[in-house]
Amino acid sequence: MSRLIRLGRVHPSRRNRILHHVKVHRSSRPRRVLVVDADSGTRPLLKRLRELGFDVYVAGCGEDAVPAGLSVRPDLVVLDVILPDGDGFETYGALRAAGIDAPLLFLTAHDRTEAKVRGLMMGADDYVTKPFELDEVVARIHVLLRRGRALDCRLLRVGDVALDPTTREVWREGAQVALSRREFDLLGFLMGNAGQVVTKAQILDRVWRSEFHGESGVVETYVYYLRRKLGDRDQSLIRTVRGVGYLMARDAGHRAPSAR
């Protein structure tokens, strides 16, 4: 998967080196960038990319994005979350469904964590909040193009669950899930061994170490807590393997609907 790249403010001297690098090391075919955005504030970005030798194509609404993408076959897509005819997230899904899998950078005027998480959980490669520093966005685009889809993701993902070991945050279907320290450690161990059966003894050794040696009941209790917080009532996510332990399913889908 892909990760969010955080470059911060680019120092002028480094910015010049980055922009020079973009000019000198272009491939023999100009890189194609599809910008799906109707905001006039994006025009300086379009101009800068053209100055750097990129072939820039613009779709002013979500409806035009897929036809443009199929025609252009871009090397990178810049997509605004707010479009005149709908939601940029829906447009993102349509692009991917059409087989347009170029690295994608979301633009948005909303600095909400929920929106950023949603975009990244869907598979976007980067996220920039408007108004943005022009040179920083150019640098981000350069990095995405250079690394392509081979970027590693710091998030650990299994099905629709994502775990960030750095910030110790967890999401399911884009919604943040609050876990205790022990619950987080247990989930991390299960996700790190997704698709494999782990025994209660292995869990105790890794998560509790010597604190509850031989007391497997504590594992059962915390697995119950995890299932409840993750909405895993049908146990399709964390499966019990009788007489052995537990298995975190790689193919876990969406959580079961709430009972009425």
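Let me begin with the aromatic rings, where the count comes to 6 aromatic pairs, a pair being two rings of Phe, Tyr or Trp (for Trp, its six-membered ring) with centres within 6.5 Å, called stacked when the planes are under 30 degrees apart, edge-to-face when over 60 and tilted for the rest. Please keep in mind that this is a predicted model, in which local features need pLDDT of at least 70 and side-chain atom pairs count only at pLDDT 80 or more, while totals for chains, interfaces and linings use all residues. Residues are numbered from 1 along each chain as its sequence is written, and side-chain values use heavy atoms, with hydrogens and water left out.

One of the pairs is Phe89 with Phe106, whose ring centres are 5.2 Å apart and whose planes stand at 65 degrees, so this pair is edge-to-face. Phe89 sits in helix H4 (residues 88-97) and Phe106 in strand S6 (residues 104-108), so that the pair links distant parts of the chain, 17 residues apart; helices (H or I, at least four residues) and strands (E, at least two) are DSSP runs numbered from the N terminus. Both Phe89 and Phe106 are buried, where buried means under 20% relative accessible area, exposed over 50% and partly exposed in between, with a 1.4 Å probe and protein chains only. Phe89 and Phe106 also belong to one aromatic cluster, together with Tyr92 and Tyr127.

A further pair brings us to helices H8 and H9. The rings of Trp208 and Tyr222 have centres 5.3 Å apart and planes at 70 degrees, so they too are edge-to-face. Because Trp208 lies in H8 and Tyr222 in H9, the pair ties together parts that are 14 residues apart in sequence. Is Trp208 buried or exposed? At 1% relative accessibility Trp208 counts as buried, whereas Tyr222, with 21%, is partly exposed.

Lys200, Ile203, Leu204 and Trp208 in H8 meet Val218, Val219, Glu220 and Tyr222 in H9, contact meaning heavy atoms within 4.5 Å.

Leaving aside neighbours within four places in sequence, Leu187 is in contact with several residues, including Val170 and Leu230. Leu230, found in helix H9, is buried at 0%.

Finally, 4 strands form an open antiparallel sheet in the order S8-S9-S10-S11, strands pairing if DSSP finds at least two bridges between them. Strands S8 (156-158) and S11 (175-177) stand at the edges with a single partner strand each, so one side of each is left without a neighbour in the sheet. S10 (residues 169-172) pairs with S11 over 3 bridges, and the bridge partner of Val170 in S11 is Val177.
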